Amino acid sequence: MRFNFESDTPIYMQVAEQIEDAVLSGAFGEETQIPSTTEISVTYKINPATVLKGMALLAEAEILYKKRGVGMFVSKGAAGTILKQRKEAFYKGYIVRLLEEAQKLHISQQEIVKMIEEGKADA
Amino acid sequence: MKIGKMFKWYWQNTYWGLIGFYGAMLALMLLGFTIIVFSGGGDVTMNGFSCSSEVMLLVMGIIFFSAGTRFGLSNGVSRKTVFCGMALFMLTFSAGTAVINVLGEWTGRAMGLGTVGIAEIIYPWIDNFVGRLGIVLSRVIGGWAMGLLGYFIGGAYYRMNKIWKIIVSITVPALLVFGLPLLVVAAPSSVTTAVGKFFPSTIDWLAQSPYNLTLLWLGGAILCGIFSWLLIRRAPVKIAG
Amino acid sequence: MHNSIEAKGLTVQFGTVTALDQVDISFGENRIYGLLGRNGAGKSTLLNVMGNRLYPTQGSVSIDGEPGAENDKAQGKIYYMGEKNVCPDGTTVRQLFRWSRDFYPAFDMEYANQLAAQFGLNTKKKLKGLSTGYLTIAKLIAALASNASYVFFDEPVLGLDANHREMFYRELIHRYSERPSTIIISTHLIEEIADIVEQVVIIKEGKILLDRPAEEVKRMGYMVSGKASEVDAFCAGKQILGEDQLGGLKSVCLLGEPENVPATLEIAALDLQKLFVQLTNA
């Protein structure tokens, strides 16, 4: 996990994002326990209340669930849920803005496609 | 009760000094004893114990104000408790040393060492229990008064800022050395005669009974106590450096 | 039962200097506060008054609903880790721990010794013989192990190297997670505590300038930069905190949230430290 403390995104949202990333990458498998609030807050020197807020966000979205007296677990199908959300966010966050920016720079649709192909070759 | 905790704290900060003090006293006594034995005994008198424990109490008092106030207030103890713990400790300590001193002197005398305390000099005629108790009591309260006087002096220094400290350090000894004789010389004759009458009559009164001496010390102790309390009542935590 | 420290109308005057000026503030249960201010702003004075180390000229403090001044019971709930050593000269680290246990019955000796080992602090040493850093560590350990309901840290990382600072922050959060208490940290190293504190209190010239949740404080202001003329046009009528100019390039710190920003201007977040500097400048 990495936190960008300078970024505009509130830290609790970053906590949620980072956990989601770990679920997506498979680091936190479905139906497995994730690190405790204490572990996360100690490791990243973040107020436990902030971490808790991030986790609550994910619990609300049913990506995590709580096992009483044990801790937080990754829900079944969580990776799929996240993927779906992220795709929507990708469209709004990148594609729409990409097209806006392209319009400013007078880049045609064909040019964009070409650029994407070039970028793919580089990546 | 935090008074008890403060009491313990004062004790923990005293006992090394105490051990050193009585160790030195004992060494001196042994030295005196050897001299007496080798010189064939006789008219050597020792009263080393009697005054020096009062001096120790005075020094303790001076140190306790700053040390106790700093530590106590920084550890959740109120000024009231810091002060009461100190007064109680001083009284107990004075009582302890008075008993040890008196016992030491009496044993010395029983061994034919001719050790004599100040009270024995003032009240040579005392030989009953009530009188002796009075002597011990006057010592206890006397030591307490000295301790509280030290506490007051320590407190006055603690509360003064640097400039006042310098002024007081110079003017008070100067007044005692030069001012007092000047005052005696300059005072009108009516005042000097009144004072001249007052002192001998007070000493006469004191010489009547060790309980009178105790009362005088008690008055001094209460006075020093009141003034010290005024000093600590609003004292902040002050740390040099 | 109000589990909080409440200060009402606190005024402290040192001669002609007003160190605190009619301060009203409360520190609630089990939260971590960052008490920030420039040198001489009144941070330590506020902590000193709440901890009964200093009498206010005016005003009062209550601790969990009880009067705080000269109250042994209420003051026993506060552990104040100050900048300086308050123990007599010959005191050893071990003695400091023992005394802390005497006066704070919940003091955890085992934990204190464990921390001492972790930090490489020799408990047999006298406090006077310790370096600035290790004296701080000794006091930090006593504070962490005190288990008091309210723990004040006044300059808690004075003289500590980066590794020890890191260790302290982690230990602080660890301890807090396990045994929550109200913690007030007064420090100049703002960035280091920015994400640890839940509530930010900024004090300036003896007055409370700001008392808000850290998450909100981060969104209080922003920085806009770009061509000087455009920046000026955008900033017109807005609350300006401070500005910098580099040739034709200008950046201005503004209060509020960015709205309708022209695409030609750059917007950046104002982190706690930057905001603090802007708010307390001049």
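In the predicted model, Gly242(C) lies opposite Cys253(C), a residue of strand 13 of chain C. This pair belongs to the antiparallel pairing of strand 12 (residues 240–246) with strand 13 of chain C, which extends over six bridges. Two residues separate these strands in their hairpin, and Gly247(C) adopts a positive phi near 60° there. Strand 13 (residues 249–255) of chain C also pairs in the antiparallel sense with strand 11 (residues 221–227) of chain C, in this case over seven bridges. Within strand 13 of chain C, Leu249(C) is the bridge partner of Lys227(C).

Elsewhere in chain C, four strands form an open sheet with antiparallel pairing and the order 2-1-4-5. Its edges are strand 2 (17–28) and strand 5 (66–67) of chain C, each of which pairs on one side only. Helix 1 (residues 43–50) of chain C packs on this sheet and touches strand 1 (4–14), strand 2 and strand 4 of chain C. The direction of helix 1 makes about 120° with that of strand 1 of chain C. Ser62(C) is positioned opposite Pro67(C) of strand 5 in chain C.

Chain A contains five helices and two strands. Read from the N terminus, its elements follow the order α-α-α-β-β-α-α. The radius of gyration of chain A is 18 Å, whereas a compact globule of 123 residues would have a value near 14 Å. The C-alpha trace of chain A spans about 55 × 30 × 25 Å along its principal axes. Of the 123 residues in chain A, 24% are buried. Considering contacts in chain A between residues at least 6 apart in sequence, 55% connect residues at least 24 apart.

Chains A and C also meet at an interface, in which 16 residues of chain A are in contact with 16 residues of chain C. On the side of chain A that touches chain C, the elements that give two or more residues are helix 2 (37–44) and helix 3 (48–60) of chain A. Helix 2 of chain A gives the most to this side, with four residues. The side of chain A that touches chain C comprises, by class, seven nonpolar, six polar and three charged residues.

How values were computed: Residues numbered from 1 in each chain as written. Chains lettered and ligands numbered in written order. Predicted model: local features only at pLDDT ≥ 70, side-chain atom pairs only at ≥ 80, totals over all residues. Pairing = 2+ DSSP bridges. Contact = placed C-beta atoms within 7 Å. Axes fitted to C-alpha atoms, helices over the stretch in contact; angles between N-to-C directions. Nonpolar A, V, L, I, M, F, W, Y, C, P; charged D, E, K, R; others polar. Rg over C-alpha atoms; globule rule 2.2 N^0.38 Å. Buried ≥ 20, exposed ≤ 12 C-beta atoms within 10 Å, placed from the backbone.
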